[in-house]
Amino acid sequence: MDLDKHILVIEENNIVLTDKEFKLIRYLMENQGIVLSREKILDALWGYDYYGDGRAVDTYIKRLRKRLGKYSYYIQTIVKTGYVWKGEEL
(Lines give C-alpha, C1' and ligand atoms only; values in the text may rest on other atoms or scores of the structure.)
Protein backbone atom coordinates (compact mmCIF):
# COMPACT_ATOMS: atom_id res chain seq x y z
CA MET A 1 0.00 0.00 0.00
CA ASP A 2 1.19 3.48 -0.80
CA LEU A 3 -0.18 5.52 2.09
CA ASP A 4 0.56 8.88 0.46
CA LYS A 5 -0.94 8.21 -2.97
CA HIS A 6 -3.81 5.93 -1.88
CA ILE A 7 -2.60 3.19 -4.18
CA LEU A 8 -2.88 -0.51 -3.59
CA VAL A 9 -0.27 -2.63 -5.37
CA ILE A 10 -1.31 -6.16 -6.31
CA GLU A 11 1.02 -8.27 -8.42
CA GLU A 12 2.84 -5.17 -9.66
CA ASN A 13 -0.45 -3.51 -10.68
CA ASN A 14 -1.24 -0.12 -9.17
CA ILE A 15 -4.87 0.18 -8.13
CA VAL A 16 -5.90 3.74 -7.34
CA LEU A 17 -8.52 3.85 -4.60
CA THR A 18 -10.93 6.58 -3.63
CA ASP A 19 -10.31 8.16 -0.25
CA LYS A 20 -13.11 6.18 1.41
CA GLU A 21 -12.06 2.89 -0.23
CA PHE A 22 -8.51 3.44 0.95
CA LYS A 23 -9.59 4.23 4.49
CA LEU A 24 -11.83 1.17 4.57
CA ILE A 25 -9.22 -1.30 3.37
CA ARG A 26 -6.64 0.21 5.69
CA TYR A 27 -9.05 -0.05 8.64
CA LEU A 28 -9.82 -3.68 7.80
CA MET A 29 -6.13 -4.52 7.48
CA GLU A 30 -5.22 -2.75 10.73
CA ASN A 31 -7.83 -4.92 12.45
CA GLN A 32 -6.88 -8.16 10.70
CA GLY A 33 -8.67 -11.18 12.13
CA ILE A 34 -11.12 -9.04 14.11
CA VAL A 35 -14.78 -9.13 13.11
CA LEU A 36 -15.92 -5.55 12.57
CA SER A 37 -19.62 -4.74 12.63
CA ARG A 38 -21.09 -2.39 10.05
CA GLU A 39 -21.78 0.08 12.87
CA LYS A 40 -18.16 -0.01 14.04
CA ILE A 41 -16.95 0.58 10.48
CA LEU A 42 -19.46 3.41 10.00
CA ASP A 43 -18.35 5.08 13.22
CA ALA A 44 -14.66 4.73 12.35
CA LEU A 45 -14.89 5.96 8.75
CA TRP A 46 -18.00 8.12 8.52
CA GLY A 47 -18.18 9.35 12.11
CA TYR A 48 -20.69 9.08 14.89
CA ASP A 49 -22.96 11.72 13.38
CA TYR A 50 -23.56 9.74 10.15
CA TYR A 51 -27.28 9.14 9.74
CA GLY A 52 -27.20 6.61 6.91
CA ASP A 53 -27.41 2.89 7.32
CA GLY A 54 -24.98 0.00 7.13
CA ARG A 55 -25.68 -0.50 3.45
CA ALA A 56 -23.06 2.17 2.70
CA VAL A 57 -20.46 -0.17 4.16
CA ASP A 58 -21.78 -3.04 2.04
CA THR A 59 -21.49 -0.90 -1.09
CA TYR A 60 -17.87 0.01 -0.37
CA ILE A 61 -17.00 -3.59 0.48
CA LYS A 62 -18.46 -4.67 -2.86
CA ARG A 63 -16.36 -2.05 -4.67
CA LEU A 64 -13.21 -3.10 -2.82
CA ARG A 65 -13.77 -6.75 -3.62
CA LYS A 66 -14.13 -5.88 -7.28
CA ARG A 67 -10.84 -3.97 -7.19
CA LEU A 68 -9.09 -6.81 -5.35
CA GLY A 69 -10.07 -9.25 -8.09
CA LYS A 70 -8.91 -12.77 -7.30
CA TYR A 71 -7.91 -11.58 -3.82
CA SER A 72 -11.46 -10.49 -2.95
CA TYR A 73 -11.73 -13.46 -0.58
CA TYR A 74 -9.44 -11.56 1.80
CA ILE A 75 -12.53 -9.65 2.90
CA GLN A 76 -14.89 -12.15 4.44
CA THR A 77 -18.50 -11.54 5.34
CA ILE A 78 -19.65 -12.65 8.76
CA VAL A 79 -23.39 -13.14 8.25
CA LYS A 80 -25.57 -10.72 10.25
CA THR A 81 -22.47 -9.30 11.92
CA GLY A 82 -20.04 -7.53 9.62
CA TYR A 83 -16.70 -8.12 7.93
CA VAL A 84 -13.22 -9.40 8.70
CA TRP A 85 -9.90 -9.09 6.85
CA LYS A 86 -8.52 -12.63 6.55
CA GLY A 87 -5.78 -11.93 4.05
CA GLU A 88 -2.19 -11.03 4.38
CA GLU A 89 -1.01 -7.46 4.38
CA LEU A 90 -0.91 -6.30 0.78
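Accessible areas were computed by the Shrake-Rupley method with a 1.4 Å probe; for residues, only the protein chains shown count as cover. On this basis the accessible surface of the protein chain is about 5,700 Å². Carbon and sulfur atoms hold 47% of that surface. The model is predicted, so local features need pLDDT of at least 70 and side-chain atom pairs count only at pLDDT 80 or more, while totals for chains, interfaces and linings use all residues. Residues are numbered from 1 along each chain as its sequence is written, and side-chain values use heavy atoms, with hydrogens and water left out.

The protein chain has three helices and five strands. Helices (H or I, at least four residues) and strands (E, at least two) are DSSP runs, numbered from the N terminus. Their order from the N terminus is β-β-α-β-α-α-β-β. Of the 90 residues, 40% are buried. Buried means under 20% relative accessible area (1.4 Å probe, protein chains only). Among contacts (heavy atoms within 4.5 Å) with a separation of 6 or more, 47% link residues 24 or more positions apart.

Helix 2 spans residues 38-45. Its buried residues are Arg-38, Ile-41, Leu-42 and Leu-45. They lie on the same side of helix 2, because they cover an arc of only 100° around the axis. The arc is that of the directions from the helix axis to the C-beta atoms. An α-helix has 3.6 residues a turn, so residues three or four places apart point the same way. The cover over the buried residues of helix 2 includes helix 1 (19-30), strand 3 (36-37), helix 3 (55-68) and strand 5 (82-85). Gly-47 follows helix 2 and has a positive phi, near 100°.

Helix 3 has 14 residues. From first C-alpha to last it reaches 20 Å, close to the 20 Å expected at 1.5 Å a residue. The expected span is 1.5 Å times one less than the number of residues. Buried here are Ala-56, Val-57, Asp-58, Ile-61, Leu-64 and Leu-68. These residues pack against strand 1 (7-10), helix 1, helix 2, strand 4 (75-78) and strand 5. Just after helix 3, Gly-69 has a positive phi of about 60°.

Strand 5 pairs with strand 3 and with strand 4. Two strands pair if DSSP finds at least two bridges between them. Strands 3 and 5 run antiparallel and are joined by two bridges. Strands 4 and 5 are also antiparallel, over four bridges. Tyr-83 in strand 5 stands opposite Leu-36 and opposite Thr-77. Strands 4 and 5 form a hairpin with three residues between them. In that turn, Lys-80 has a positive phi of about 60°.

Conventions. Buried means under 20% relative accessible area, exposed over 50%, partly exposed in between (1.4 Å probe, protein chains only).
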